[in-house]
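Welcome! Let's get to know this structure together, one question at a time.

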Amino acid sequence: MLNKLRLRLRALFFKPKMEDELQAELQFHLEKEIEENIARGMTPEEARFAALRSFGGVERVKEESRDVRGVRLLEEVWQDMRYGARMLFKNPGFTLVAVLTLSMGIGANVAIFSVVNAVLIQPLPFAEPDRLVWAWGNIRSGGDSIGVSPVDYLDYRAQNMTFEQFAATFSIPTYLNLTGAGEPERLEARAVTGNFFQALGVNAALGRMFLPENEKLGSERVVVLSQELWRGRFGGDPSIVGKTLTLNGNNYEVIGVAPPSFKFPQGAELWVPMSFDADPGLRQRKAHFLRPIGRLKPGVTLAQAQADMDAIARRLEAQYPESNAGWNLRMVPLRDPLVGNIRPTLQMLFGAVGFVLLIACVNVANLSLARAATRQKEIAVRMALGAGRLRIARQMLTENMLLALTGGALGVILAAWGVDLIVAFIGDNIPPIAQVGVDRVALTFTLGVSLLTGLLFGLAPALMATWPQLSETLKDGGKGAGQSGLRNRTRSLLVVFETAIAVTLLIGAGLLVRSYIRLQHVNPGFDAANVLTTRMNLTYAKYDTPEKAAAFWGQLHDRLAALPGVEAVGMITELPLSGQSNSALFTVEGRPPVLPGQEFDASFRRVNKDYLRSMRIPLLRGRGFTEQEARQNAEVVLISESLASDVFPNEEPLGKRLRIPQYEPTSSFEIVGVVGDIRHHGLDYTPYAAMYLPALSAGWMNLAIRAAGDPMSLAAAVRRETRAIDPDQPIGAIRTMEQVLSESVSEPRYRTGLLGLFALVALILAGVGIYGVIAYTTTLRSREIGVRLALGAQSEDVLKLIIGQGVRLALAGLLLGLGGALSLTRVMKTLLFGISATDPLTFAVIALLLVVVALVACWLPARRATKVDPMIVLRSE
Amino acid sequence: MKKTQTDLLQGTLDLLVLKTLQSGPTHGWDIAQRIQQISQDVLRVGQGSLYPALHRLEAQGWIASEWGASENNRKAKYYKLTAAGRKQLSAETETWKRFTGAVELILKTS
């Protein structure tokens with residue numbers, strides 16, 4: 001068996017050598033025969049003749065010996081490939097256009113596939129990821145997906161029977177100021193339960209990870225560093241484990257370093273254990289700020305876990321109706337929340353690139369059909385000489401496969417570059433768990449797509465090439481090369497088809513562009529121009545009283561306000577559009593008491609006096625805070641317009657008092673002013689009721705500094721002034737408010753940009769397709785046009801004739817595409833903002849755009865047709 | 001022609017070639033000569049069928065080939081029996097004997 005294989009491989013790859021050997025062997029035989037004949041007394045001449053005669057046909061012997069090798073099919077394929085390659089080299093124009101078109105289509109697919117694969121398909125980088133589950137806190141009365149309160153979490157953890165580990169993290173990062181070792185730095189930490197790393201199945205790269213006992217008092221001052229922080233800040237110090245860091249003024253022992261790929265939750269630079277014993281904030285049932293992650297016991301399904309948790313939720317409800325009425329947990333696979341909003345976008349893009357590839361296929365099929373027509377004579381001759389239909393079809397298919405594979409190879413190069421581009425484009429919206437790159441899976445995908453592509457665009461021309469009536473083509477002498485109606489119709493249909501796809505894509509992109517423009521024109525409620533922002537967290541150990549904090553913020557405000565070029569220095573606990581948020585339940589003093597769960601709810605912010613001025617948020621009624629009120633935590637409050645209309649629909653809100661027991665259990669706050677609404681959560685979110693309390697005593701603040709000119713020019717001064725007050729005080733990233741605004745719409749932006757790019761490619765390809773068909777048929781009709789011109793037709797008539805033909809195709813494609821878009825863009829609804837999925841303006845503009853492109857694509861060949869000199873054309877026949 | 005020459009039956013050539021090679025490696029021309037001599041010129045192997053047969057047997061792994069020097073020092077391709085070929089030879093010999101025996105029986109009784 002092995003021997004046979006060896007022989008065949010030899011036969012295939014060492015063909016010249018094998019041939020030489022065969023020749024030598026037969027030569028030897030012949031010479032022996034001649035010698036023998038001479039020995040019998042013949043003359044050399046006779047001897048040679050007799051030997052040759054007895055031998056029979058040398059070539060026949062050779063052929064039969066070759067057949068024995070059993071590689072005929074492979075040899076033929078090899079022959080086809082060499083022949084195909086020769087034909088492709090002979091036609092560099094065709095080859096170049098076809099390969100480029102295919103590589104664009106394949107490259108786009110591979111690039112998007114690489115992202116899809118990394119984000120949606122590859123298993124999460126945790127041990128046995130199928131058993132990992134995420135739990136959302138859920139209010140049954142139509143509540144949103146939010147967190148779980150710490151005490152509820154402990155109950156779920158203790159009572160469940162379906163989880164091997166039930167862990168949790170804080171829903172928001174904790175910022176810790178690292179001091180004492182070089183530059184002070186503000187680090188993003190996550191508080192996690194002691195079993196968090198066990199649940200995920202992540203082991204330490206160095207030292208060890210947390211254990212359940214780290215939740216206990218006395219063993220909670222420990223940290224695990226991320227690989228990046230360890231390598232960056234600590235230079236990969238191999239003896240880091242056991243060292244002590246000063247974080248927020250407290251000493252923490254480093255017990256371990258996480259493995260390189262571990263970045264969860266997103267952005268975490270280090271992890272600290274949640275100490276249920278030490279932290280009084282973790283003893284509440286009403287604040288839902290934990291995000292549980294569980295590892296199911298082997299063999300347990302998600303539905304079983306859900307049923308288990310539902311039973312616990314019902315018990316808790318019965319036990320603690322005041323806090324737990326209506327609350328339960330909703331279990332989802334861990335991937336869902338990690339992937340988040342990017343899933344529908346990626347699905348849409350993957351669909352779009354699929355369409356682009358389809359268009360590329362159609363274009364190349366069309367080119368290939370046109371070329372097959374001009375090769376009619378060659379094919380007819382080969383068939384006349386005895387080549388089978390199948391043999392010729394196979395040869396054409398081989399040629400097209402060769403094209404597809406070349407296109408695929410080039411596509412991979414484009415994709416490698418495209419993936420970088422997409423990753424740069426999508427940026428932070430790619431979940432950090434995903435390692436995006438053109439990997440082995442993607443390469444396999446490319447090969448598959450290339451072969452499929454080759455089959456798709458290669459089969460029709462291959463079959464059609466063998467269609468024509470042989471004798472007619474030969475009689476015809478190959479002139480005007482047998483343009484059968486069938487082939488023409490196929491080409492026209494293909495153009496209609498690709499135009500329809502392009503229209504569908506264009507409308508999808510058009511809708512996104514319109515949404516994005518709408519989004520850009522949304523008034524956020526503040527003026528982002530010329531505002532510099534940064535966030536600072538005070539080290540609690542140093543600023544352990546409200547007075548000390550207030551003194552720091554007051555001093556910082558005064559120093560910054562005194563800088564030249566600064567118009568106002570605003571401070572707020574939660575900056576709009578930055579992802580920071582906080583809300584509070586409140587009641588109105590003097591109204592009858594309400595049942596728990598029926599309080600009003602509003603965004604809760606603390607600001608300084610100048611915040612409204614620096615963000616240019618309009619004061620609609622009443623007054624702002626005085627400097628006195630702002631610095632002394634006076635019992636006054638500003639409310640937003642929407643809060644005023646929600647809570648005081650027919651009343652004068654000014655002078656009323658609000659109670660916010662959650663944060664200020666002993667005070668009530670007088671409403672002194674009503675301010676404009678802002679879009680805090682995102683430009684596409686409707687404004688939410690908000691209240692602003694004066695306070696400079698908070699442990700963290702965002703600065704919003706309005707500058708007279710370029711705000712970034714103030715960055716160095718802000719750092720300098722902060723250092724001057726407290727050299728240990730770190731500063732967060734300094735960004736302009738415009739950057740914050742722009743980052744908040746990065747998702748719609750990349751989505752629009754990428755789909756727009758693909759739609760543009762589709763439009764160009766469709767235009768090229770129309771051009772190709774019209775140009776080709778025009779060439780074929782040059783004789784007819786010559787006759788028309790000779791008989792007195794004007795060049796306008798010829799223009800009309802040619803353009804009419806192309807426009808008819810384009811219109812058919814347009815109608816089909818509009819229909820397709822009507823049904824397909826529905827699935828994009830969630831991605832649109834402010835317009836419907838059947839937005840008539842978008843449909844109209846795209847239709848117009850397509851007609852214009854079609855006209856241009858037809859006009860070029862039509863104009864050439866009018867330049868036809870009738871005499872030359874008629875004589876050439 | 002002194003004697004009647006017989007065309008080889010389909011499939012018997014393989015057997016003859018294998019048998020000839022049993023006595024040691026040799027080249028194609030020699031194989032043809034030996035078959036002719038031993039059969040006393042009754043069997044003549046057409047070169048046109050000998051070489052395809054040799055290549056076929058080689059492809060099946062029953063014989064192997066290598067280049068060597070002939071009696072008068074010319075380059076010639078030598079064939080030799082492989083282990084699998086030896087087995088094949090005894091199997092085919094067996095089949096042949098059964099076949100000719102059966103034919104003989106029929107011829108005798110009629």
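Q: How many of the eight residues of strand E21 of chain A are buried?
A: A friendly note before starting: this is a predicted model. A residue counts as buried if 20 or more other C-beta atoms lie within 10 Å of its own. By that test E21 of chain A is mostly covered, and the number of its residues that are buried is seven.

Q: Which residue is the bridge partner of A:Thr534 in E21(A)?
A: Strands of a sheet pair through backbone hydrogen bonds, either parallel or antiparallel. Strand E12 (residues 531-537) of chain A pairs with E21(A) in the antiparallel sense, over seven bridges. Within that pairing, A:Thr534 has as its partner A:Leu703.

Q: How far apart are the end C-alpha atoms of helix H19 of chain A?
A: Helix H19 covers residues 546-561 of chain A, which makes 16 residues.

Q: Within what arc do the buried residues of H19(A) fall, seen down the axis of the helix?
A: The buried residues are A:Ala549, A:Phe552, A:Trp553, A:Leu556, A:His557 and A:Leu560. An α-helix has 3.6 residues a turn, so residues three or four places apart point the same way. The buried residues of H19(A) line one face of the helix, because they fall within an arc of 130°.

Q: Which exposed residues does H19(A) carry on the face turned away from its buried side?
A: The buried residues of H19(A) have a cover that includes strand E13 (566-572), strand E21 (700-707) and helix H23 (715-725) of chain A. The face turned away from that buried side carries the exposed residues A:Glu547, A:Lys548 and A:Asp558.

Q: What separates the centres of domain 3 and domain 4 of chain A, taken over C-alpha atoms?
A: The domain assignment of chain A places domain 3 at 129-333 and domain 4 at 484-523 + 746-877. Taken over C-alpha atoms, the centres of these two domains are separated by 56 Å.

Q: Is A:Leu357 buried or exposed?
A: A:Leu357 lies in helix H13 of chain A. Beyond its neighbours up to four places away in sequence, A:Leu357 touches A:Gly105, A:Ile106, A:Asn109 and A:Thr453. With 24 other C-beta atoms within 10 Å, A:Leu357 is buried.

Q: How far apart in space are A:Leu357 and A:Thr101, C-alpha to C-alpha?
A: In sequence, A:Leu357 and A:Thr101 are 256 residues apart. In space, C-alpha to C-alpha, the distance between A:Leu357 and A:Thr101 is 8.8 Å.

Q: What pattern does chain B follow, read along the sequence?
A: Turning to chain B, its secondary structure comes to four helices and three strands. Read along the sequence, these elements follow the pattern α-β-α-α-β-β-α.

Q: Which are the edge strands of the open sheet of chain B?
A: The three strands of this sheet have the order E1-E3-E2, with antiparallel pairing. Seven bridges join E2(B) to strand E3 (residues 75-81). Strands that pair on one side only are the edge strands, and these are E1 (26-27) and E2 (63-69) of chain B.

Q: How many of the 14 residues of H3(B) are buried?
A: The buried residues of H3(B) include B:Leu50, B:Tyr51, B:Leu54 and B:Leu57. The helix is largely enclosed by the rest of the structure, because the number of its 14 residues that are buried is 10.

Q: Which residue takes a positive phi just after H3(B)?
A: Helix H3 of chain B covers residues 47-60. Just after H3(B), a positive phi of about 85° is taken by B:Gly61.

Conventions
Residues are numbered from 1 along each chain as its sequence is written. Chains are lettered from A and ligands numbered from 1 in the order in which they are written. This is a predicted model: local features need pLDDT of at least 70, side-chain atom pairs count only at pLDDT 80 or more; totals for chains, interfaces and linings use all residues. Helices (H or I, at least four residues) and strands (E, at least two) are DSSP runs, numbered from the N terminus. The expected span of a helix is 1.5 Å times one less than its number of residues. A residue is buried if 20 or more other C-beta atoms lie within 10 Å of its own, exposed if 12 or fewer, and partly exposed in between; C-beta atoms are placed from the backbone. The arc is that of the directions from the helix axis to the C-beta atoms. Two residues are in contact if their C-beta atoms, placed from the backbone, lie within 7 Å. Domain bounds come from an automatic or database domain assignment. Two strands pair if DSSP finds at least two bridges between them.
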